[in-house]
Amino acid sequence: MRDYKGKNCIVFGANSVVGMEISASLSQGGANLGLIDLDSYKHDALVENVGHPGATVAYKTVLSGRKDSFKEAVDGIVNDLGSVDYLICAFYLEEERKKRDPDDLDVDTWDELLKEWVLNYFLVTKTVVPYMIQRKAGRIVFVNTTTGYTGEGEGEGELTGGGSVYECACSSGITGMMTSIARDIIPKGISVNGIALGPNYEDNMERVIWATDLWLSGICEYACAQILRLY
């Protein structure tokens, strides 16, 4: 467990399984939290389960795909916290996997998932980064999945099982988006990294927390735009 006292972290997708676990861990480490979620996923359980004496916890909901909604939410959180040190993007992987039929290739499904996952990751990042640039410091972690990757080392050349074509496309899109963003903002003092979750990540959340701590620690500053794949 790292010491996050005095650190301010925004978690997008805060009510997802990954978002809740990371938020709870950061809270236990002493961080102030800005929790952002889509209006369609709103519930109050998370707000009640995080926070420590003396810490600030701000909670906002946003409308999917709306730049103005994200700006209002982020501006409000920064006003409450004072600054932003970390941004964690944690999507609803577990719920999306249950909803998507891999045999039903529907254009509306493409549009919905691309907006909820890829576009919203971009919008929250675009809104948060200027605050980090002002301070010449910040750390961003994008969460996607190992689906579609080939193994490195063990299982080399094999594809990770599970996942729909939608998930594969979005996960790969996030990888490309992350590396493109990283080229622009890493020279400004902001680290950008990712965590790719395997099919059974819910059974080993300790690894997810460990990976998050690793990227936020600054130990791996040289690992620019690298993704830690938790097969």
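Is Leu 26 buried or exposed, and what is its relative accessible area?

Modeller: Leu 26 is buried. Its relative accessible area is 1%, and the cut-off for buried is under 20%. Keep in mind that this is a predicted model.

Start with the place of Leu 26 in the chain. The residue sits in helix α1, which spans residues 17-28. Now look across from Leu 26 to Asn 8. The two are 18 residues apart in sequence. In space, their C-alpha atoms are 9.5 Å apart. Next come the contacts of Leu 26. Leave out residues up to four places away in sequence, and Leu 26 touches Tyr 4, Cys 9, Val 11, Ala 31, Leu 33 and Leu 216.

The largest nonpolar core has 71 residues. Leu 26 is one of those that touch the most other members, together with Val 18, Ile 36, Tyr 121, Val 124, Phe 142 and Leu 197. Helix α5, residues 107-135, gives this core its largest share, nine residues.

Take Val 124 from that list. Neighbours within four places in sequence aside, Val 124 is in contact with Phe 12, Ile 36, Phe 70, Val 74, Leu 87 and Cys 89.

Two helices that pack with α5 come next. One is α3, residues 67-81. The axes of α3 and α5 are 9 Å apart, at an angle of about 40 degrees. Angles under 35 degrees would count as roughly parallel; α3 and α5 are therefore oblique to each other. Their crossing is right-handed. On the α3 side, the contact is made by Lys 67, Phe 70, Lys 71, Val 74, Asp 75 and Val 78. On the α5 side, the residues include Asn 120, Leu 123, Val 124 and Tyr 131. By class, this contact of α3 with α5 has seven nonpolar, two polar and four charged residues.

The other is α6, residues 165-185. The axes of α5 and α6 come within 10 Å and cross at roughly 20 degrees. That angle is under 35 degrees, so α5 and α6 are roughly parallel to each other. This crossing is right-handed too. From α5, the contact residues include Trp 110, Leu 114, Trp 117, Tyr 121 and Val 129. From α6, they include Tyr 166, Cys 170, Ile 174, Met 177 and Ile 185. The contact of α5 with α6 has 16 nonpolar residues, three polar and one charged.

Lys 136 counts as exposed, at 67% relative accessibility. Ala 225 also has a positive phi, near 60 degrees, and is not a glycine. Ala 225 is in the loop between α7 and β7. At 15% relative accessibility, Ala 225 counts as buried.

Finally, step back to the whole chain. It has seven helices and seven strands. From the N terminus, the order is β-α-β-α-β-α-β-α-α-β-α-β-α-β. Of its 231 residues, 52% are buried, and Leu 26 is one of the buried residues. Take the contacts between residues at least 6 apart in sequence: 75% of these join residues at least 24 apart.

Technical notes: Residues are numbered from 1 along each chain as its sequence is written. This is a predicted model: local features need pLDDT of at least 70, side-chain atom pairs count only at pLDDT 80 or more; totals for chains, interfaces and linings use all residues. Side-chain values use heavy atoms; hydrogens and water are left out. A nonpolar core is a set of buried Ala, Val, Leu, Ile, Met, Phe, Trp, Tyr and Cys residues joined through side-chain atoms within 4.5 Å. Buried means under 20% relative accessible area, exposed over 50%, partly exposed in between (1.4 Å probe, protein chains only). Helices (H or I, at least four residues) and strands (E, at least two) are DSSP runs, numbered from the N terminus. Contact means heavy atoms within 4.5 Å. Axes are lines fitted to C-alpha atoms, for helices over the stretch in contact, and angles run from 0 to 180 degrees between N-to-C directions. Angles under 35 degrees count as roughly parallel, over 145 as roughly antiparallel, 65 to 115 as roughly perpendicular and the rest as oblique. A crossing is left-handed if the near helix is turned anticlockwise from the far one by less than a right angle, and right-handed if clockwise. Ala, Val, Leu, Ile, Met, Phe, Trp, Tyr, Cys and Pro count as nonpolar, Asp, Glu, Lys and Arg as charged, and the others, Gly among them, as polar.
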